[in-house]
Amino acid sequence: MISEETICLKAEVKTWQQAITVGGKLLLKNDFIEEGYIQAMIDNMLKNGPYFVLTPGVAMPHADSQSGVKKMSISLVTLANPINFLESPNNPVQLVICLAASSNESHLDLLKKVSQLLSNPEDIQKIINANRIEEVLQVFNP
């Protein structure tokens, strides 16, 4: 579900748009999405608000599968400095997980799997504090 190629640790960003872009570029670089999907995730937030800031400190941006998803995938970005995603009660965000699902059904399934993995606050902290990609992969593949 996640690999070294789709993880970025301690990204230096100043806005939530930049945070989404970093995660989106990891997916784009690996040919999982078309470039337009990055803007679609940003537009989704502008249109619908920060509903995908699901738990304190964690955002899971995504867009409609028809917006340029080539292959179901996720990317994971930890932020060097926490940032706010609009007016979310779960701000500030320090972990951004971009979801790209090829259908609405796979979107819900992917969201459910990632949510289960991140239901443990200790695991979230391990990911946020990770200095090496291997530390993140150990949380996802114990």
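In this predicted model, strands β1 and β3 pair in the parallel sense, with 3 bridges between them. Within this pairing, Cys-8 sits opposite Val-77 of β3. Strand β4 is joined in turn to β2 by 2 bridges, and β2 and β4 (residues 93-100) run parallel. Ala-59 has Val-96 in β4 as its bridge partner.

Taken together, the strands form an open sheet of 4 strands in the order β1-β3-β4-β2, and the pairing is mixed. The edges of the sheet are held by β1 (7-11) and β2 (58-59); each has a single partner strand, so one side of each is left without a neighbour in the sheet. Helix α1 (residues 16-29) packs on the sheet, where it touches β1, β3 (73-83) and β4. The direction of α1 makes about 150° with that of β3. Helix α5, for its part, lies across β1 and β3 and runs at about 125° to β1. As for β3 itself, 8 of its 11 residues are buried, so this strand is largely enclosed by the rest of the structure.

A packed pair of helices is described by the angle between the axes and by the distance between them. For helix α4 (residues 121-129) and helix α5 (residues 133-140), the packing angle is about 160° and the axes are 8 Å apart. Because angles over 145 degrees count as roughly antiparallel, α4 is roughly antiparallel to α5. The crossing of these two helices is left-handed. On the α4 side, the contact involves Asp-123, Lys-126 and Ile-127, which meet Val-136, Val-139 and Phe-140 of α5. By residue class, this contact of α4 with α5 comprises 4 nonpolar and 2 charged residues, with no polar ones.

Asp-123, in helix α4, has a relative accessible area of 17%. Since buried means under 20% relative accessible area, Asp-123 is classed as buried. Apart from neighbours within four places in sequence, Asp-123 is in contact with Leu-117 and Val-139. Val-139 is also among the α5 residues that take part in the meeting of α4 with α5.

Key: Residues numbered from 1 in each chain as written. Predicted model: local features only at pLDDT ≥ 70, side-chain atom pairs only at ≥ 80, totals over all residues. Heavy atoms only, no water. Axes fitted to C-alpha atoms, helices over the stretch in contact; angles between N-to-C directions. Parallel < 35°, antiparallel > 145°, perpendicular 65-115°, else oblique. Left-handed = near helix turned anticlockwise from the far one by under 90°. Contact = heavy atoms within 4.5 Å. Nonpolar A, V, L, I, M, F, W, Y, C, P; charged D, E, K, R; others polar. Pairing = 2+ DSSP bridges. Buried < 20%, exposed > 50% of the residue type's maximum accessible area, 1.4 Å probe, protein only.
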